[in-house]
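Welcome! Please have a look around before reading on.

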Amino acid sequence: MSVAYSGISPEAKKLKVIVIGGGAAGFFGAIAAAENGHNVTILEAAASVLAKVRVSGGGRCNLTHSCFEPRELVNSYPRGGKALRGPFSRFQPSDTISWFESRGVETKTEPDGRMFPTTDDSATIVDCLQTAAEDAGVMTRLRANVSSIQKTDSHFLVTLHSGETLQADRILLATGGSRAGFELMSSLGHQIVPPVPSLFTFKVDDPRIKDLPGVAVEHVNCQLVADSKTFQQSGPILVTHWGLSGPAVLKLSAWAARELHDSSYNATLRINWLAGSRAEEIRSQLNSFKAAHPKKTVDAVSPWPLPKRLWKSLVDHSVGSQPVRWAELSKKGAQALVTELSAGEFQVAGKGVFKEEFVTCGGVNLKEVDFRTMESRICPGLYFAGEILDIDGITGGFNFQNAWTTAWIAGHAM
């Protein structure tokens, strides 16, 4: 798909555009507007721009995901997927890749679909965005905290904490999930869906995993019961010093974000450590292994390629810590082990953090936004991009893609 846009005529009026927020969405929208000939200024409250881009993907910047079918792409958004269906038909991951590659950034795809710059360095993306903004004539102001926005009949008045007032014909709000951004939106008549955390790890204090930080299993099935609702996900899981992490847990935290918040982050997590195997199949494999290796001890030899420390811990918990030969494994012990492998229960007692990254669900009510242009239905001339909207994706580059897509549409529509 070409990213060319023909909606702005050469005779179009040169507008003053203020972009509030110097993150991924703010820069992308500012560049699009400036390349269409408008006078664009980014206002960033912090002392530097693109901070979240720098730390994303462990410092490598997972800029998008290799899902190029919009109908499939929207399934990775717990909130906002339906609204993004149209925008993704206009600017999707393949367009993101083309945009960056046309500016000298080569990308690569990892086996799980995540896409990174080939340099494995987020500075590559930061430098690209800053260079593109400078080339387009975008002006960036740091430590420019916005205290209020007023709408007049013909323009906007943006007042900074310093007392300075700026005038704009159009405003792009790209402040992420910040309270300051939500307060500005509320002052202009928008309804804010209360923000709550999404994409986080689980705090689990359990003897079965207490001494296993760093142990990972590539594919498990997880079932989470939170606030009387059940959620299921599959994928890798990682034991940490504080509990459980990994893609399977992070996806659960996104889909169950509101239910976990409403239950004060107390929930029940059931793990099938042998994803794809039912209890009956596991029992049959145990019996076969028991017959084939009667003299070996259960805790020392596993029928499956599970991490040795995890296997021993699960055996100790279900069979007992004293060494037992396979021939001596009782029916009761075998059943306890089957249950532990297929549906081990862990109590979630809080949320941890996902490195230095964070995502929220909540934000501007999507019914109040025209997704053909990203313009407010309540306040003409006001546009939105990125996480300030009540949109959030699972881990894997989907949140950045929402930022690129909504910002590109808003930048051109302005």
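Which residues does Trp-255 touch, not counting residues up to four places away in sequence? Trp-255 touches Asn-75, Tyr-77, Pro-78, Arg-79, Phe-231, Gln-233 and Ile-394. Please keep in mind that this is a predicted model.

Trp-255 itself belongs to helix α8, which covers residues 247-255. With a relative accessibility of 28%, Trp-255 counts as partly exposed.

## Aromatic rings

Now for the rings. The count of aromatic pairs comes to 15. One of them joins Phe-28 and Phe-91, an edge-to-face pair with 5.8 Å from centre to centre and 70° between the planes. Phe-28 sits in helix α1 (residues 24-35) and Phe-91 in the loop between α4 (81-90) and α5 (93-101), so this pair ties together parts that are 63 residues apart in sequence. Both Phe-28 and Phe-91 are buried.

A second pair is stacked: the ring centres of Phe-400 and Trp-404 are 5.5 Å apart, and their planes lie at 15°. Phe-400 and Trp-404 are four residues apart in helix α13 (residues 398-413), a separation of about one helical turn.

Ring pairs link Phe-28, Phe-91, Trp-99, Phe-100, Phe-400, Trp-404 and Trp-408 into a cluster.

Rings can have charged neighbours too. The charged end of Arg-60 sits over the ring of Phe-116, 3.8 Å from the ring centre. Likewise, Arg-208 lies over the face of Phe-346, at 3.9 Å from the centre of that ring.

## Salt bridges

How many salt bridges does a search of the whole structure find? The search finds 17. Three of these bridges are set out below.

| Glu-387 | Lys-52 | 3.0 Å |

Take the bridge between Glu-387 and Lys-52, which links distant parts of the chain. Glu-387 is in the loop between β21 (382-384) and α13, Lys-52 is in helix α2 (residues 51-59), and the two are 335 residues apart. Is Glu-387 buried or exposed? At 14% relative accessibility, Glu-387 counts as buried.

The bridge between Glu-259 and Lys-229 joins a helix to a strand. Glu-259 lies in helix α9 (residues 257-262) and Lys-229 in strand β14 (residues 229-239), so the pair ties together parts that are 30 residues apart in sequence. Glu-259 is buried at a relative accessible area of 13%, whereas Lys-229 is partly exposed at 43%.

In the remaining pair of the table, Asp-112 is partly exposed, with a relative accessible area of 44%, and Arg-114 is partly exposed at 25%. Asp-112 and Arg-114 are also members of a network: salt bridges that share partners join Arg-60, Lys-108, Glu-110, Asp-112, Arg-114 and Asp-120. Arg-60 is the residue whose charged end sits over the ring of Phe-116.

## A helix face and a sheet

Let us turn to helix α4. Gly-81, Leu-84, Pro-87 and Phe-88 are buried in α4. Seen down the helix axis, the buried residues of α4 fall within an arc of 110°, so they line one face of the helix. What covers these buried residues includes α3 (70-73) and α13.

The last stop is an open sheet of six strands, with antiparallel pairing and the order β12-β15-β14-β13-β16-β17. Its edge strands are β12 (202-203) and β17 (344-349), each of which pairs on one side only. Within the sheet, β14 and strand β15 (residues 243-245) pair in the antiparallel sense over two bridges. Which residue of β15 stands opposite Leu-238? That residue is Ser-245.

Notes. Residues are numbered from 1 along each chain as its sequence is written. This is a predicted model: local features need pLDDT of at least 70, side-chain atom pairs count only at pLDDT 80 or more; totals for chains, interfaces and linings use all residues. Side-chain values use heavy atoms; hydrogens and water are left out. Rings of Phe, Tyr and Trp (its six-membered ring) pair if their centres lie within 6.5 Å; planes under 30 degrees apart count as stacked, over 60 as edge-to-face and the rest as tilted. Buried means under 20% relative accessible area, exposed over 50%, partly exposed in between (1.4 Å probe, protein chains only). A charge sits over a ring if NZ of Lys or CZ of Arg is within 6 Å of the ring centre and within 35 degrees of the ring normal. A salt bridge is a side-chain nitrogen of Lys or Arg within 4 Å of a carboxyl oxygen of Asp or Glu. Contact means heavy atoms within 4.5 Å. The arc is that of the directions from the helix axis to the C-beta atoms. Two strands pair if DSSP finds at least two bridges between them.
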